[in-house]
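Subject: Handover of a structure and its computed features

Dear colleague,

Please find the structure below for your records. The findings follow directly after it, and I would be grateful if you would read them alongside the coordinates.

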Amino acid sequence: MLLLYLPSLALLLPGSDNAHVVQEQISFHLIQISSFANQSWAKHQGSGWLDELQIHGWKSESGTIIFLHTWSKGNFSNKEFVFLELLFREYFIGLTQQIQTHASQFHFEYPFEIQASAGCELHSPESPESFFQAAFEGSDFLSFQNISWVPAPEGGSRAKKICDLLNRYEGIKEIVYNLTRNTCPRFLLGLLDAGKRELQRRVRPEAWLSSGLTVEPGPLLLVCHVSGFYPKPIWVMWMRGEQEQVGTKQDDILPNADGTWYLRVILEVAAEEASGLSCRVRHSSLGGQDMILYWAVLYPGGDNQGASQGPTSFHLIQISSFVNSTWIQYHGSGWLDGLQIHGWNSVTDTAIFLKPWSKGNFSDVEISDLVELFRVYTFAFIREMRAHVHEFQLEYPFEIQGIAGCELHSGGAILSFLRGALGGLDFVSFRNSSCVPAPEGGSRAQLVCALLRPYGDIFHIVKKLLYETCPRFLLGVLEAGKADLQRQVKPEAWLSSGPSPGPGRLLLVCHVSGFYPKPVWVMWMRGDQEQQGTQRGDILPNGDGTWHLQATLDVAAGEAAGLACRVKHSSLGGQDLVLHWGGGSVSIAVIILMVMVLCLVVSLGLALWFWRHRPYGDIFHIVKKLLYETCPRFLLGVLEAGKADLQRQVKPEAWLSSGPSPGPGRLLLVCHVSGFYPKPVWVMWMRGDQEQQGTQRGDILPNGDGTWHLQATLDVAAGEAAGLACRVKHSSLGGQDLVLHWGGGSVSIAVIILMVMVLCLVVSLGLALWFWRHR
């Protein structure tokens, strides 16, 4: 019979109350969905929920419970859950048999579906409320109230007949009552205690504004996005001053993949009335301080980018290395300010989207067309450069660099740019629909521009890409990536001392890591006076998309006292981060010293206690036992318990890029190595088997997942980069070194499909030469 087997679960655990105090309403409930396709096929799905958080599942193939959290068992024992699994298996088998046997008797027509929900709510331990409802094909069918089965009006005579039958079984009713009124509350209280740490966590929301799609002219659709918050209850409202806007409409609160929540709240207003509106967010994680986001129009279309510190740009960087007439390699990248968002694999001619929003609002058709066009361009460009290398007096090896893109300024102004370089020196640029030679390019650059002038179609294409395509793409990327781009991640900072600069001197190092966005200000200070000797390294990327840098100061050893490192970042809300040398930040050496002192104090304390309470011989006996028995046993236990973690080997990922130019005609080669474990690693720039002594290795820094990352850089003349490689040795590689050749072997940083927009001067040069030969 329907629901005849489920109540038998109560036989397992007789009810008993729990004295824990529940401060607010919370529920635990089981959901069952049983689908009957025909006389011989049925499928059962089951899940357990704490309020709206799923904590259990049911694997129907093996008949086992799935525990989705470490605390999903509450305070029930393994033995109890083994028996529960057995009962659930028997229940689903018996339910299937009974339904298929009596389907015609109760006029069930295949296919059909049965749903059930049973559980309890706690307002206080003294007054739990239980419930048990069943539905047929989505409509209420019957429920268990007080101590009886009650048919739902929607269930009709069929529900009444089943309830009349079930109510004859007093034992079943007593079991259901015991399950929902006693066992369920006890299990729920056990869950709340076991999962207390996770359930009581508070995660602050991130919020941003955007405009939805409207038909112009017409009203604006203002959208307030709130994401990443936990727990679920939240209040969000569009406001004008302190007045709530009654037209505010709230979508459903939806789950994120990490267990937090997301909500969208919209308001439709006339465009001229948008000014002065704000979105107000209240959440338990905010400590009573509401989060307020003010609507502001920063560029056409009403999109909100928050307070802008300067122009935002999208640009493409191209590096083409011509080693000889047969070997050429193409590197490139697409950047949103200092964040790389695109790549191109020149080996497979495929696009690399480094962010989920890297396509902006471009359609798949547009992207596909651009990919194909870029393949054709790359082929033609390389062919024409090979054919005319002597005509333009280019000597192997040589390198061509290009940058093209557009900048969005406050108020909506958009500026576009395109520049080409040869061997690290400016060569040509695109201005006012014309090719302009750079002074450094000499007669060769003038010759190139002269050859290109007759080809008006080329300039028309370049102009359209720079002044139409690029701005549209930039605005689309800003909108699509708003959640990521507007996030604020606070920096972590610590102090250490570097290699001594000389006798009697100290190198103070201020490490700042894990911050986003990239702009940051770091300075060594004495009081409010900036120390002019502060040396700031490059701001380099971490593996998780955040940034890190080091600021050093060379001082006499006796002058270090009183110095501090000050950090300013947008995520700090105007509160500078200040780390005082000798206080506020403790280096590893100091920590070790503190631990040693603590151990000494504890040892002396124990010795004094034993001296007062025991004969001397006992002291030595205890010390000997601790050193020769307890300590080795504990050490072996730690090695055994942590074996999986201590012995794990995670292979590094590595890629190459070029950093900010160290000077005219020079390149900064960067070898990124990330995601490896354990920490020891060897990275070196090489030319064949010869180590490059100029290799600079940064600190090995932690990733968020427990692995490590570092960067190794090399400053070289632009013409000497060919033939260099980055070699990586790590225990996870099994003796096989990882070798990435600059200009070959590894192309994880290459240009994006949209590099088509870099039909820059180099593109123009290739096409012009081709037309010149074939006209």
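A salt bridge is taken here as a side-chain nitrogen of Lys or Arg within 4 Å of a carboxyl oxygen of Asp or Glu. The model is predicted, so local features need pLDDT of at least 70 and side-chain atom pairs count only at pLDDT 80 or more, whereas totals for chains, interfaces and linings use all residues. Residues are numbered from 1 along each chain as its sequence is written, and side-chain values use heavy atoms, with hydrogens and water left out.

Salt bridges

The structure holds 20 salt bridges. In one of them, Arg280 pairs with Glu242, and the closest N and O atoms are 3.4 Å apart. This pair links distant parts of the chain, 38 residues apart: Arg280 lies in strand E16 (residues 277-282), and Glu242 lies in the loop between strand E11 (235-240) and strand E12 (243-244). Helices (H or I, at least four residues) and strands (E, at least two) are DSSP runs, numbered from the N terminus. Arg280 counts as buried because its relative accessibility is 9%, while Glu242, at 67%, counts as exposed. The terms are set as follows: buried is under 20% relative accessible area, exposed is over 50%, and partly exposed is in between (1.4 Å probe, protein chains only).

Glu479 and Lys482 also meet through their side chains in a salt bridge, at 3.1 Å from N to O. Glu479 is partly exposed at 29% relative accessibility, and Lys482 is buried at 1%. A further salt bridge joins Arg487 to Asp484, with 2.8 Å between the closest N and O atoms. Arg487 has 18% relative accessibility and therefore counts as buried. Elsewhere, salt bridges that share partners connect Glu242, Arg280, Arg282 and Asp290 in one network.

Helix H7

Helix H7 (residues 456-480) has 25 residues and should span 36 Å at 1.5 Å a residue; its end C-alpha atoms are 35 Å apart, which agrees. The expected span is 1.5 Å times one less than the number of residues. H7 bends by about 35 degrees at Leu465, the bend being the angle between axes fitted to the seven residues ending there and the seven starting there.

Val512 belongs to strand E27 (residues 505-515) and is buried, at 0% relative accessibility. Beyond neighbours within four places in sequence, Val512 is in contact (heavy atoms within 4.5 Å) with Pro491, Glu492, Ala493, Val522, Trp547, His548, Leu549 and Val567.

Leu425 is in strand E24 (residues 425-431) and is partly exposed, at 38% relative accessibility. Not counting residues up to four places away in sequence, Leu425 touches Gly420, Glu440, Pro664 and Gly665. Leu425 and Gly663 are 238 residues apart in sequence, yet 9.7 Å apart in space, C-alpha to C-alpha.

Surface patch

Which residues form a nonpolar patch on the surface? They are Leu635, Leu636, Leu639 and Leu646, with about 400 Å² of accessible area together. Areas come from the Shrake-Rupley method with a 1.4 Å probe, and for residues only the protein chains shown count as cover. Patches are made of residues with over 30% relative accessible area and no salt bridge; like charges are joined within 9 Å, and nonpolar side chains (Val, Leu, Ile, Met, Phe, Trp, Tyr) within 5 Å. Helix H10 (residues 616-641) gives the largest share of the patch, 3 residues. Leu635 is found in H10 and is partly exposed, at 48% relative accessibility.
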